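Q: I'd like to learn how to read the salt bridges in a model like this one. Could you walk me through it?

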Amino acid sequence: MPKIDGEIEMDTEWAKANASLRRIWDHTPEGAAIIRRVLDAIADLRVPEAGEADGPEAKTSSSA
């Protein structure tokens, strides 16, 4: 089954993101941990779209 344009675009963007991660990673577990923490911090800053339950307020309400 052929991919639709949206799937092809998403695959391309994920490939670019993966390449960027590999460029900044120093091939150590510590480097991977730093990248993970930075990505988690970015995710916490992102404003969730309507209906999303994975934003910072979801973490606060689930830990109560």
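Q: Is Lys-16 buried, exposed or partly exposed, and what do those words stand for?
A: Buried is under 20% relative accessible area, exposed is over 50%, and partly exposed lies in between, using a 1.4 Å probe and protein chains only. Lys-16 comes out at 48% relative accessibility, so it counts as partly exposed. Keep in mind that this is a predicted model, where local features need pLDDT of at least 70, side-chain atom pairs count only at pLDDT 80 or more, and totals for chains, interfaces and linings use all residues. Residues are numbered from 1 along each chain as its sequence is written, and side-chain values use heavy atoms, with hydrogens and water left out.

Q: How many salt bridges does the structure hold?
A: A salt bridge is a side-chain nitrogen of Lys or Arg within 4 Å of a carboxyl oxygen of Asp or Glu. The structure holds two. In one of them, Lys-16 meets Glu-13, 3.6 Å from N to O. Glu-13 is partly exposed too, at 42%.

Q: Where do Lys-16 and Glu-13 lie?
A: Helices are DSSP runs (H or I, at least four residues), numbered from the N terminus. Both sit in helix α1 (residues 5-24), three residues apart, so about one helical turn separates them.

Q: What about Asp-40 and Arg-36?
A: Their side chains form a salt bridge at 3.4 Å, N to O. Both belong to helix α2 (residues 29-45), four residues apart, about one turn. Asp-40 is partly exposed at 38%, and Arg-36 is partly exposed at 46%.

Q: Where is confidence lowest?
A: pLDDT is the predictor's confidence in each residue, from 0 to 100. It is lowest in helix α3 (residues 56-62), with a mean of 50, and highest in α2, at 95.

Definitions and conventions: Helices (H or I, at least four residues) and strands (E, at least two) are DSSP runs, numbered from the N terminus.
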